[in-house]
Amino acid sequence: MKLCIVIPRDEWRATAGVRIRYDRLVEPLRARGIEMELRSIDAFRANAASVADVFLISKCYDARSVALARLLTQSGRPVGIDFFDDYFSQTTDARFVHLRNWLRELRPYLSFALCSTPKMKAQIEPIVDGLSVQVINDPMAGLDTAALGKTLSRKLAETKRTHRLKLGWFGIGDNPHFQVGLDDVFAYADALTTLRNAGYQVELSMLTNTRALTPARLERLSRLPITPHIEEWSETAEARLTRDSLVCLLPVNAQGFSTVKSLNRAITALVGGAQVLSLGFPLYEPLSRHIYGSVAELMADLSAGRIRHSKGKLDDLARTLSEIGSADREADTVASVLKAAQPVPVAKAGVGVVLHGVQSTVAVQKGVQRLGCVSALSPLTAGKLAADVVPRFDIGGVVLEITERAAKHVSENYRDRLREIENRNGVLIYDLRLDPNEVAVSHEVPEQTRPPFMTRDFARYGRDMRLTERVLAQVFGDDVAVIRSEVRSPYHTAEGSHAR
């Protein structure tokens, strides 16, 4: 069996998500007869089903993944989704309308779902309408207890001798929607003051992504009680940080987005040879015997000349990690899910038409066309997209400009009404006119001359999109599958944190 994991772009192969969650399963899955491949979503074409036996969508939050999933299920391939982040349960947050709609569009084509924590499973299951969600713990890396014991003992002795406390923090420092990462560090800055006042010379090293280092965050970093040394994150730098730091500070806030995260940062720190000081929400509770939950606990142990994560407790740590992150155990679960997965029946067998809403992109437009879909604009679409269908509404009905590649999918009832109007850069363009009675548009015409995006009448969004969908169903037949494309919430401007 071959498993293809669909990723947003090739650069994503270098992320911690791939390195921790997928790369560590490659060999265990191969031992169970399953070959794993990662492939960028833009690498797929209309023959996508030939690539693998089962497909898993990972962080591809736009219409390309819906179009791909539909194509694959039509070809008899099971498709699953791996949930990394909870952008879907905040039903009162208008910033995530497009993501909730994306999941709703994708759901009919899904055979199974994976996630990394029980809390994520509890959040997602009510949303995916009966779809089975299986928890797959992030697999741990190998644990060399002999070498780790020496590292822990060396660092404790060095701290006692020099009275220098090396403190580390690592991670993605920002999120486009939530205050996390470096903002968590700022929220728990009083812990740094307590450590500094305990009589140690505290040295703080931080690893993060450069995008997070905005002028505002750099200014806040400069006001921390301890001046940090900051470097760009890399796998090599992370290994060096955990090896050299006595303690890794891992604060966690209690917002829903943060509470469903996996244990991998704490496990990485422990296996790398650092103590873990976890403040705030008890995300790392399964590791509680091996980590610190307060500065007071850490200071008490250091005053007594001991550390919680120590040479004498490594056998217990190995047992704990085996229970919550054994690569072999997780591979067994993944193999079981994949072998049981069956493709879902596709309700509509006609052509797929991707309807671009307020904010779609050229990447989406080109991607869905490569997958054999027709690309259609709506009256709300901002920006210039080379779509296959451009509708223009007025009180006299609707006129559709239709490219040659889309014209072949037009319903037989309307093909004789197609009229060639021009040859545009080698592409034949037709128009098709429908009168008001055919599409019931006389009393709800979309605005033709829209004001600038910042002042659009979003109260008309649902009505205009539904009307356009009705027109597309009229022209391409009742069996057409219309997929909406929005890369941001249609109810928010580009001037918000969601657009960063």
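**Cysteines and helix packing**

Cys4 is buried, its relative accessible area being 0%, where buried stands for under 20% with a 1.4 Å probe and protein chains only. The model is a predicted one, in which local features need pLDDT of at least 70 and side-chain atom pairs count only at pLDDT 80 or more, while totals for chains, interfaces and linings use all residues. Residues are numbered from 1 along each chain as its sequence is written, and side-chain values use heavy atoms, with hydrogens and water left out.

Searching the whole structure gives zero disulfides, a disulfide being a pair of cysteine sulfur atoms within 2.5 Å. For Cys4, the closest cysteine sulfur belongs to Cys60 and lies 9.9 Å away, too far for a bond. Cys115 is likewise in no disulfide, the nearest cysteine sulfur, that of Cys60, being 18 Å away, and Cys115 also counts as buried, at 0% relative accessibility.

Turning to the helices (DSSP runs of H or I, at least four residues, numbered from the N terminus), α3 (residues 63–74) packs with α16 (residues 362–370) at an angle of about 10 degrees, their axes 9 Å apart; axes are lines fitted to C-alpha atoms over the stretch in contact, and angles run from 0 to 180 degrees between N-to-C directions. The two helices α3 and α16 are therefore roughly parallel, a label for angles under 35 degrees. In this contact (heavy atoms within 4.5 Å), Ala63, Arg64 and Ala67 of α3 meet Ala363, Val364, Gly367 and Val368 of α16.

Helix α3 also packs with α4 (residues 97–106), at about 5 degrees and with axes 9 Å apart, so α3 and α4 are roughly parallel to each other.

Definitions and conventions: Parallel < 35°, antiparallel > 145°, perpendicular 65-115°, else oblique. Buried < 20%, exposed > 50% of the residue type's maximum accessible area, 1.4 Å probe, protein only.
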